[in-house]
Amino acid sequence: MTKTAPTKKLTILPTHLALVPDGNGRWAERNGLPRLAGHHAGIENMYRMLQYIHEYPIKYLTLYGFSTENWGRPEDEVGGLFELVTEFINAHIQEIHEQNIQFHHLGRLNELPSRLQKAVNRAVQLTGNNTGMVLNVAFNYGGRTEIIDAVRRLITEKVEPQKIDEKLFESYLYTNGSPNVDMLIRTGDELRLSNFLIWQTAYSEYYFTKVLWPDFGKKDLDKALLSYSQRKRRFGRLQARQPT
Ligand code: IPE
Ligand code: MG
């Protein structure tokens with residue numbers, strides 16, 4: 001596929017981009033629609049934006065789909081979201097596969113409905129040998145849960161305490177294989193992380209926008225990426241540098 005995105009001005013792009021697509025419910029409300037219609041519009045926009053992001057040489061993309069805290073929403077909204085996501089994966093996974101994208105899931109899969117588990121497992125298997133963009137979908141994901149799951153495995157495997165350093169610990173996180181997050185974009189006018197990738201974003205650049213996710217388009221993404229390219233990342237040092 002030819003890379004046609006306007007990368008000319010952008011000399012520095014994030015290797016790992018994380019996205020919190022917030023504002024579906026408010027978008028629906030503003031348009032006089034039920035919340036689920038907002039999620040539907042949000043998922044359609046996710047597909048459009050995925051195609052656009054894929055045009056950039058961005059190697060890792062992590063999306064926040066459903067948090068461990070989202071179970072606290074009304075049952076019909078939660079069930080509707082699961083349905084939408086299951087259908088989305090089943091409808092698009094072949095095409096995603098043909099784009100050489102690797103699909104990964106972050107979170108506790110076994111707590112999700114079996115139809116969704118099946119769709120995710122199939123997607124992971126089908127795309128496992130792909131070598132292009134890594135697409136991490138955080139679904140039933142919590143940053144604290146992720147750390148607890150890592151600690152449980154370390155203890156179960158009787159890993160010697162002295163052997164535990166940051167590198168080893170990261171290999172026990174759901175994101176094993178993906179580097180730390182360079183840039184995190186959150187739409188929907190909320191200035192918080194909401195338990196997303198709390199370990200992996202320790203040195204990320206954050207970008208917040210008031211735009212509600214279903215309205216977030218190519219221009220908005222380009223604006224965010226331009227902002228990233230103009231930042232000086234120092235990682236606690238005096239000299240700006242790029243991560244190794
Ligand atoms: C984000 O949209 C999607 C999910 C959390 C699944 P919201 O549903 O949080 O939308 P708002 O914040 O109510 O507008
Ligand atoms: Mg929200």
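The model is predicted, so local features need pLDDT of at least 70 and side-chain atom pairs count only at pLDDT 80 or more, while totals for chains, interfaces and linings use all residues. Residues are numbered from 1 along each chain as its sequence is written, and side-chain values use heavy atoms, with hydrogens and water left out.

**The sheet**

Let's start with the strands. Six of them form an open sheet in the order β3-β4-β2-β1-β5-β6, and the pairing is parallel. At the edges sit β3 (102-106) and β6 (205-208), each of which pairs on one side only. On average, neighbouring strands of this sheet are turned by 20° against each other, direction ignored. A strand here is a DSSP run of E with at least two residues, a helix is a run of H or I with at least four, and both are numbered from the N terminus. Two strands pair if DSSP finds at least two bridges between them.

Take β2 (residues 60-67) and β4 (residues 134-141): they pair in the parallel sense over 7 bridges. Y60 stands opposite V134 in β4. Helix α3 (residues 75-98) lies across β2, β3 and β4, running at about 150° to β2. Such angles run from 0 to 180 degrees between N-to-C directions, with axes fitted to C-alpha atoms, for helices over the stretch in contact; contact means heavy atoms within 4.5 Å.

**Helix α7**

Helix α7 (residues 218-229) has 12 residues and reaches 16 Å from its first C-alpha to its last, close to the 16 Å expected at 1.5 Å a residue. That expected span is 1.5 Å times one less than the number of residues. Its buried residues are L221, A224, L225, S227, Y228 and S229. Buried means under 20% relative accessible area, exposed means over 50%, and partly exposed is in between (1.4 Å probe, protein chains only). What covers the buried residues of α7 includes β1 (16-20), α2 (35-54), β5 (183-186) and β6.

**Salt bridges**

The whole structure has 15 salt bridges, each being a side-chain nitrogen of Lys or Arg within 4 Å of a carboxyl oxygen of Asp or Glu. Here are some of them:

| Pair | N to O distance |
|---|---|
| R26 and D22 | 3.6 Å |
| E190 and R26 | 3.8 Å |
| R233 and E205 | 3.8 Å |

E190, in the loop between β5 and β6, is 164 residues apart from R26 in helix α1 (residues 24-30). R26 counts as partly exposed at 29% relative accessibility, whereas D22 counts as buried at 18%. A network of salt bridges links D22, R26, R186, E190 and R192.

As for R233 and E205, R233 counts as buried at 4% relative accessibility, and E205 is buried too, with a relative accessible area of 16%.

**Aromatic pairs**

Now for the rings. Rings of Phe, Tyr and Trp (its six-membered ring) pair if their centres lie within 6.5 Å; planes under 30 degrees apart count as stacked, over 60 as edge-to-face and the rest as tilted. By that rule there are 15 aromatic pairs. The rings of Y64 and F196 have centres 4.1 Å apart and planes at 10°, so this pair is stacked. Y64 is in strand β2 and F196 in the loop between β5 and β6, 132 residues apart. Y64 counts as buried at 9% relative accessibility, and F196 counts as buried at 0%. Y64, Y141, Y174 and F196 form one aromatic cluster.

Note on methods: Chains are lettered from A and ligands numbered from 1 in the order in which they are written.
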